[in-house]
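Let's go through the aromatic rings here, one question at a time.

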Amino acid sequence: MSADWHSERLPELARALAARPRHEALRGHITELLHSGFGVPYHEIDHEAYLLDGRGRIDTMWGAVVIELKSDLRREEGDVRARLPAYLADAGSRSPSPRPATGLATDGATFIAYALRDGALKELARYSTDPEQPNELLAWLEPLLSDRPDLLPKPRVVAQAFGRGSLTFGKVRIALDSLWAELRNDPEVRLKHGLWNGLLREAYGEDVGEESLFLQHTYLTIVVKAIAARVLDLPVHDPEALLSGKALAEEGIIGGVEADFFDWPLKRAAGAELVRHVALQTARFRLRDVETDVLKVLYESLVDPEQRHDLGEYYTPDWLASRIVAAAVDAPLEQRVLDPACGSGTFLFHAVRRLIAAGRAAGWQGTQILEACQENVRGLDVHPVAVTLARVTWLLALGNLARERQAKLTVPVFLGDALQWNLRRYVDRADVLVEVPGDAPLQIPAGFAEDQAVFERGLDTLNQGIADGSTPETVGHALRRIEGAAAADADALAATFAHLQALYRAGKNGIWTFVLRNLVRPVWLSRPEQRTDVLLGNPPWTVYRHLSSGMKERLREALQQYDLWVGGHLATQQDLCALFWARGAERYLRPGGRIAFVLPFAALNAPVFAGLRDGRLGGRIEVRLTGGWSLERVWPIFGAQSGSSTTSTCVLFGRREPAGPHPAEVDRWEGRLPGRDVDDAQATQALAHRRAPWPRARTLAGVSPYRERFRNGATIYPRRFFLVEPEPESRLGSRRDAPRVRGHAGALDKEPWRSVAPPHGPVEREFLRQLVLGETIAPFRLFDTVTAVVPLRGSSVLDAAAAGADGFRYLAAWLHDVEAKWAAHCNKDAAGQPRMTLLAQMDHMHKLSCQAGQGGARILYTKAGTRLSAARISASDALVDHKAYWALARSADEAAYLIAVVNSAAVLDKVTDLQPHGQRDKRDFDNLVWTLPIPEYDEADPLHRDLAAAASHAEQVAAAVEVGESQHFTARRRAIRAALAADGVAAEIEAMVDALLPP
């Protein structure tokens, strides 16, 4: 593939394909793609190939790849599924290729890959051509059409090759499903699945261990371990050596890869072959050229966006992580760094790269730099897949420096719970508890857990005892002889041996060395001599209300220890990340050490984080805030492009030293990045920086001052009595001062009113008013209002008698008709009298008369539904129906600010649990919005001004959306929301509203 074709012709070709070209043009484009993109000789491409039985023709075929060309797959996918099984069977029988036959259906805009499994057609993956990303099409097709070992490991290319939509994953997913059906009840496999689920429960506070997620993690682990081998140019043909880490261990790489929960496919020969196939795919990338943490992008591309949202699995972009490392680690050759929730290892990657650069600048030898990396850049995470990713990311960060290693290179990234939930303290000792699914926990005395050398000798003794079939007494004697082991600890570990032996005899083996070695690491890392100079990272943001009941109690008790528990109506807003700050600093940070965490923006000013900002953490430890980065106007940072909430962000810096007031200013960045995974140079170009006042602290008040200003609209009901449409005109036309109208009979009218004839006749024009209904209001836009007969004159509501007395004979006649019909059909008291007159209902609590004479802009929002919609209206003569709420704006900017807030998903998320349920869906919002602490608009507050400006832009976007009159109002609202999301302004507003409100 020539560079000119790649840079000049490929983008043009991608645009042509995305436009769904005609059949012959599509054939030519696919042929060019095969030849110029993948080096396929023209003579090997067969067009219009007859089946061997002569009963059909294959559009295009190359080896075992069958390509079916269509005009529009949106309507022809059924035809593909009908024809392709015969085509694939035919291709498989005639192809000399060892590859199984694969089908590829395309109309240019969409590519769908298929394979035959047990005679049935299975979809492997599909891809939509993006004319702005032509290289992604090649990356997606690579596993099918090429084995070239020269691909640059750019994050999006790696994701296309191995992610959720890739051909590789599509094939492996089917094979793993089959293997799981065979092995799911195997005792050892069940144990590994249970242990994996237990660790995720520690990470997220609830069971999330779906089998589909376990299979996705298995696949990802295979890919990542193969990448680890390829980083060092090691062979990947031995599946057992690859997954166990033996291949790396033989090269002196310790802790880079370990046997873990995900080697279960090796119990079958088909599983070993599957591992080998996946590993060979990784050999196509030049992994020593990697410059970023590519594995986080792979992970996010693999796990379903809704699952990632539920798990909170979104990783820090490289440009931000590198800046935090640079700010927090000012002496990389001297400072030890620990990320206690390292995820895929992004912060570790940049800390290693910073140390290497400093070492080379100081003239250090490679071996000296490697030794410093092992000692000074450490990671910890409770998520087993995250740890695998982080270990390989740590190795990727070394680049060619790994070649300069001597006898041994240890990767200091550990599987363990940084919060040490599994540490149980007793009167005279402490134990680390390791959960065993369906059984009592294993107990490791802290005396062993705290000393790595003592623990390793103890673990060797346990393993030898298992191998020899020793008794607990014999093992206990051996443990007592270990130098540094206390007798009580040796006896306790001997009891654990008896438990382990029983597990082995039940077939629940093969995993305990890995589990025990890793899960005691946090205790060792918290020893005084192992503590870190810099604690940094992006800890889990898990809000209290999303935790299981058991985890809620644990978090409450832990936060109370540090005086971080606020309770009351703010209890649901407590966040696990605050505990990471306090407990992380207490257990892992040396006195005088630095801490730098990515946190929710609320950490800067929300009352629920007031204790963290104060820094006097329950008398256990003090941490003084030394700086903050305000990032609420930066988009996207993480999650915004993946279906997640667009929680706004900040970075807090602190020191473990006596607490004091936080700085008066923060560093504030704002701007829209061209993409989430931009490099530092692109971020610098896109973002503006300035010093700004530290965000003003929010109060503990839980009710907005706007609650008193917003009112419900008037009850204009029954609608067929008041909502009107013009009557057909005679040849003489209609009177200008009293047009003829008739009541509108709607499909949603209810009994008894739907059986009552609507009124009709002339009505004086001044009583024909524009009425805003709930369905009139869309996000940042109003649809057409309706015309209604409203008997309002000044601030007086007229009945038939009053209208007649004032000389409005047409209105009087109209009201006389509807008042009689009301009296006949309305609800009555025991005496047979109407419980409320028609006009009293209309002006109940002065909801109609108070709207008289309201000048200036008004803010409107919908009373009911599953989504809030808000807009503003400037027409002073329009009236608001009871299906909407309204308030008079004090300024245009206040109106814009409020509609931005009310339209946000952040507000909806905080009130939806309070909504009453109707028969099918949640119903009224009413004043629930104002139970939130939404502050009044403050012109001096930059966040308020920014929200107002964003809302004004959103109004322009919403106004440009073309909607048809025949469309239901909910469909029209969806179209507007889609346009706001595509523009990016929706995500910007979400981030700012999140910064405005508590979590």
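Q: How many aromatic pairs does the structure hold?
A: Keep in mind that this is a predicted model. Rings of Phe, Tyr and Trp pair if their centres lie within 6.5 Å. Going by that, the count of aromatic pairs is 24.

Q: Are the rings of F414 and W524 stacked, tilted or edge-to-face?
A: Their centres are 6.1 Å apart and the planes sit at 85°. Planes over 60 degrees apart count as edge-to-face. So the F414 and W524 pair is edge-to-face.

Q: How many residues apart are F414 and W524?
A: F414 is in strand β11 (residues 413-415), while W524 belongs to helix α23 (residues 521-525). The pair links distant parts of the chain, with a separation of 110 residues.

Q: Which residue lies over the face of W524?
A: Look for an arginine here, 5.8 Å from the ring centre. That residue is R521.

Q: What parts of the chain does the pair of Y897 and Y937 tie together?
A: This aromatic pair is tilted, with 5.3 Å centre to centre and 55° between the planes. Both Y897 and Y937 are buried. Y897 lies in helix α32 (residues 892-903), so the pair ties that helix to the place where Y937 sits, the loop between α33 (905-911) and α34 (942-959).

Note on methods
Residues are numbered from 1 along each chain as its sequence is written. This is a predicted model: local features need pLDDT of at least 70, side-chain atom pairs count only at pLDDT 80 or more; totals for chains, interfaces and linings use all residues. Side-chain values use heavy atoms; hydrogens and water are left out. Rings of Phe, Tyr and Trp (its six-membered ring) pair if their centres lie within 6.5 Å; planes under 30 degrees apart count as stacked, over 60 as edge-to-face and the rest as tilted. Helices (H or I, at least four residues) and strands (E, at least two) are DSSP runs, numbered from the N terminus. Buried means under 20% relative accessible area, exposed over 50%, partly exposed in between (1.4 Å probe, protein chains only). A charge sits over a ring if NZ of Lys or CZ of Arg is within 6 Å of the ring centre and within 35 degrees of the ring normal.
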